[in-house]
Amino acid sequence: MSETVLPLIRFEGVTKRFHAVTALENVSFDVQPGEFLALCGENGAGKSTLMKILSGVITDYEGQIVVGGQTLKLTGTRDAEECGISIIHQELNLVGDLSVAANIFLGRELRNSFGLLDDRQMEQEASALFEPLECHIDPRQAVRTLRIGDQQLVEIAKALNSEHRIKSRSAGSAGQLSPILIMDEPTSALTESEVERLFRIITRLRQRGVTIIYISHKMDEVFQNADRITVLRDGKVVKTLDRPATTPREITGLMVGRDIGESHFGAGREPGAVVLNVQNLSLPWRGHVRQWRLKDIQFSVRQGEVVGFAGLMGAGRTELLECLYGASPESPMGTIELNGSPVKFDHPEEALHSGIAMVTEDRKRFGLFTTMNVREHITLSSLDQTSRAGMISAARENAAAGESIKSLQVKTAGSSAPITSLSGGNQQKCIIARALRTEPKLLLLDDPTRGIDVGAKAEIYHLIDDLCRNGLAIILTSSELPELIAVCDRILVLCEGRITGEFHRGKFTEQDLMEAATASSLVS
Amino acid sequence: MTELDSSRIPFWRRHEFALLVSIFAVLVLTTVLDKNHNYITEWQQSSIDLSRQTALLSLYALGAAVVIIAGGIDLSTGSVVAFSGTICATLMMLMAPEAIEKSTPVGPVVITTAITVTLLIGILIGSLHAWLITEVGLPPFVATLGTLVGLRSLSRAIMEAATQAVQGGAKTQISIGDKSFRELSGAISGTSWNLVILVLVVGAMLWVLLSKTVTGRHLYALGGNEQAARLSGIQTDRLKWLAYCLSAFLSSLAGILYVGQLSVADPQTSGRGYELNAIAAAVVGGCSLQGGIGTIPGTLLGSLFLRVVIDGVAKIIKTGADVYEGLIVGVLVVFAVTFTRSSAASTTPRRLFSGALGWVTMLNLTLLAGVMMALLGSKLIEGRITMDPVWQAGIAAVAALSLMLILRTDNSRQAKQKLGALWAVALIVTTVGCDMTYPGIQRSASKSAIKSLGGNVSDGADGVVVDLSGTKCDDAMIKKLMLRLKYFPNLTEFRLRETSISDKGLDAIFRTWQTEADCPVIRLDVSGSAVTQNGLKRLKQNYPRVTTP
């Protein structure tokens, strides 16, 4: 550790309260110029709040932040960009209907000599920005039509653009500060190959002298890249460690305040009779070169078995589950047999009645009712059980909700608490409870642990294991391979709408799965 | 075992309670401020009027609320009211043409058939909305905007065609004189029991539907997050069908009752703008336009609150209720939504007047304060203040501007509170001060005006003498002068010799005071002016105390 280098950023006693809740308490630590600092902590530990302060999203806080020897006084994100600080939020900040170029130059549009928008110039510069990012995104394309991984690259290009601008403005002036790029869980929506690409980009950025503050709770990513790791817990800095001097186990231990082992589930589970049998399932994709979202899918799921679906973003995992659940925009071809008899669903209601329940991806958009309370969330899909002649029995509904809260260990102030008052993990448990209360024979879980913290993830793995041992058939998708490997009995790999691999417990490695997931793109 | 649930919202913190308190406060305020104390002296008539209007508003506001809770919007209410009225009246005319023309009873069969068919057509309109929204895929705003515009025109066309066929001449309205039909809305007996009971029954049924049944829970889920609702196994399209049918059905019911109340079906005027009143009542009653939030009791209280405020303002300032109705509804909606939003979630205090828009907004609100004071000031504080509307408007505008300047500053909350108190004291002192100096200023202004004309104002033996003899003063000038001269309490003598003042000018002088007893003038000299003998004679009849040389 060299004491001679002046820290680039020094947090001094930063405290932030939201009414009664203290989000950050007396946070003090340094960031060295040019380093890769990983900021770890469970959800709600205060990482995002801290970075929102640094990037000017939150402007009222106690304590101070010194950047390059000067106290930072920000009045907004624009100010932060002027200081060379850009942030890539967990939830992307893009305007879906505008073009890629328009998004990159949003708020600092280029104009031609008439004072009108110079689209040509912006598109050229946007292309130039994508060049070092190894991707070929058409700057005229609407952002909405891009995959999440590419959308994120647009965010990065946007950040690089502002950095570029600062450089060109202050070119020649001595003592220029290193630009700072904050990334808030950038890989949560990325496929493995996109993650690899992101890391290569990060390496390149570091060669150009960019300081990176990286928020994540994925240990492999952190240990692959970080110089130092700062752990936050309950709004306080627990410890800052040099990467070589620590282990993932120690960091996760510091994050949750307890030791959690890397556990594997499924030992001694015995699959029973076939519940679901899918033959030649295809879903057309009109007006697309691929023509098929899904093509000739064949597989079966047994009682007491967890079948995982791996695949890159856009491989068709969600589409497949939607077909099984009757939620796809158009009906699939092929046959789906449930308990031996063919079924065809036009609406999720029919699927639920036949015993298939689904926990959807993207909790906020497809799962959560922000206007409802915990009880209403849990019972919504199974109100028939708690009502007579269409009238809901309050007592029976309360009992049902209470039972689920207890058995899934949902942490809530009460069954009438607003769902928004719960943490992400507990919200997800309520949504799983909603599916389970319909007493399904087959449960579809579409990336159920996305965006929830380590502790809650472990609880959900345990829950999946328990349900499976009680005879439920489960299909699980995940964008994290280790998760699938830990939980599943069998993993099927999807690539561009086709099944390109099948692996059984004990025989899957991340390497094999990755190869299968990228198989057809290697061929073509 | 029942679990003690601390997360329930207590009644006194609910929106409905706040509305109840507000309604009570407005009622008390109206009773006190209304100079005739109508709510006490004519409490029966007042309560009948109020409850009848509230009942009819509630009826279609409840429909709007159901749609809003389900995450949609129904803009067609007003036209459905007009359309159903037209259909009902037309059907009655077709079935009993002679009875309608002669205003004799049409019989219960005709009435029942007409009403039943009209209500069924209401359901058809709701189904049309549902089809446009769920199958065609139009946004609810567009679908119901289409019927809002289309149905009114269609009702007029039907009306003209039907009257042409039956009565031999195209008419734009049909009068319904049948007593038993009109009594449905209490128009004959002059009561409102029918309507109140009807609304309470409808309200109770909808309340049970929304808060006690599976369908109701699904409606809330649909409004809260449509995609999540569908993925939870809810048949969202069927629910939308139900919601839009309920709305159109209740609007039709209201349309029929309006025909009974007004005894005429007029597709051009009836129900105009009701859709916005309905939405306003629902929003004031706590429904969120984002969907998923709102209650039936809240909507009923929201309707009552709107009507109570409209009625109260009409009573206090003594104008027709409809003059300020739109203004009141607009202001209340803005306040209601602002209030419910800010109490729900705001971590940092909002800055209301920052930046360039802040300056323009301050100008906006300053002008508004001035205009409102000029319009309403004299009516609100009549007799207690001597200033004219222009001065009142000026003071109101300056007061509003200075208050906003205080709010705009970066001072802390405490400092702002202190400044606010200071502002209030300064406002009262300035107003009272202005009001006291106002007559003096007017008197001296009139003096200098008369001097510039070549006249003179002097103190005579028993009061003020205005001498305009030999000046160019004419009728128009004297009329203008009187606006200021009236502030002399003891204006005893007018000398108007050799002026061009005529009988009209004389009238202008004496009309300044409302009664003969108020008039302080006792001597008048008009010799050589354009005043006729006739005019003088008339004056002396009306003002016997006045003497002329």
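Modeller: Before we start, strands pair if DSSP finds at least two bridges between them. Helices (H or I, at least four residues) and strands (E, at least two) are DSSP runs, numbered from the N terminus.

Biologist: Thanks! What kind of model is this?

Modeller: This is a predicted model, where local features need pLDDT of at least 70 and side-chain atom pairs count only at pLDDT 80 or more, while totals for chains, interfaces and linings use all residues. Residues are numbered from 1 along each chain as its sequence is written, and chains are lettered from A and ligands numbered from 1 in the order in which they are written.

Biologist: Let's begin in chain A. How many residues of strand β20 are buried?

Modeller: Five of the five residues in β20(A), which covers residues 473-477, are buried, so the strand is largely enclosed by the rest of the structure. Buried means that 20 or more other C-beta atoms lie within 10 Å of the residue's own; 12 or fewer is exposed, anything in between is partly exposed, and C-beta atoms are placed from the backbone.

Biologist: And which residues sit on each side of β20(A)?

Modeller: Ala473(A), Ile475(A) and Thr477(A) take one side, with Ile474(A) and Leu476(A) on the other, and both faces are covered. As background, side chains in a regular strand alternate between the two faces of the sheet.

Biologist: Which strands are joined to β20(A) by bridges?

Modeller: Strand β13(A), residues 306-311, runs parallel to β20(A) and is joined to it by four bridges. There, Val307(A) faces Ile475(A) as its opposite residue. Strand β19(A), residues 442-446, is also parallel to β20(A), with five bridges. In that pairing Leu445(A) stands opposite Leu476(A), and Asp446(A) stands opposite Thr477(A).

Biologist: Is β19(A) mostly covered or exposed?

Modeller: Mostly covered: five of the five residues in β19(A) are buried. Leu442(A), Leu444(A) and Asp446(A) point one way from the strand, while Leu443(A) and Leu445(A) point the other way.

Biologist: What else does β19(A) pair with?

Modeller: Strand β16(A), residues 356-359, pairs with β19(A) in the parallel sense over four bridges. Look for Ile356(A) opposite Leu442(A).

Biologist: Now the six-stranded sheet in chain A. What is its order?

Modeller: The order is β6-β7-β8-β3-β9-β10, in an open sheet with mixed pairing. At the edges are β6 (85-88) and β10 (236-242), each pairing on one side only. From one strand to the next, the twist averages 20°. Four bridges connect β6(A) with its parallel partner β7(A), residues 180-184, and Ile87(A) stands opposite Ile182(A) there.

Biologist: Quick one on Val143(A). Where is its place?

Modeller: Val143(A) is in the loop between α4 (119-130) and α5 (148-169) of chain A. With 22 C-beta neighbours inside 10 Å, Val143(A) counts as buried.

Biologist: What is Val143(A) in contact with?

Modeller: Leaving aside neighbours within four places in sequence, its contacts include Leu94(A), Val95(A), Leu98(A), Val100(A), Gln151(A) and Val154(A). Contact here means C-beta atoms, placed from the backbone, within 7 Å.

Biologist: Over to chain B. At what angle do α1(B) and α14(B) cross?

Modeller: The axes of α1(B), residues 15-33, and α14(B), residues 296-317, cross at roughly 15° and come within 9 Å. That makes α1(B) roughly parallel to α14(B). Axes are lines fitted to C-alpha atoms, for helices over the stretch in contact, and angles run from 0 to 180 degrees between N-to-C directions. Under 35 degrees counts as roughly parallel, over 145 as roughly antiparallel, 65 to 115 as roughly perpendicular and the rest as oblique.

Biologist: Which residues meet in that pair?

Modeller: Among them are Leu19(B), Ile23(B), Val26(B) and Leu33(B) in α1(B), and Leu301(B), Phe305(B), Val308(B) and Ile316(B) in α14(B).

Biologist: How do α17(B) and α18(B) pack?

Modeller: Helix α17(B), residues 389-408, and helix α18(B), residues 413-453, pack at about 165° with their axes 10 Å apart. They are therefore roughly antiparallel to each other. The contact includes Trp391(B), Ile395(B) and Leu403(B) of α17(B), plus Leu419(B), Trp423(B) and Tyr438(B) of α18(B).

Definitions and conventions: Contact = placed C-beta atoms within 7 Å.
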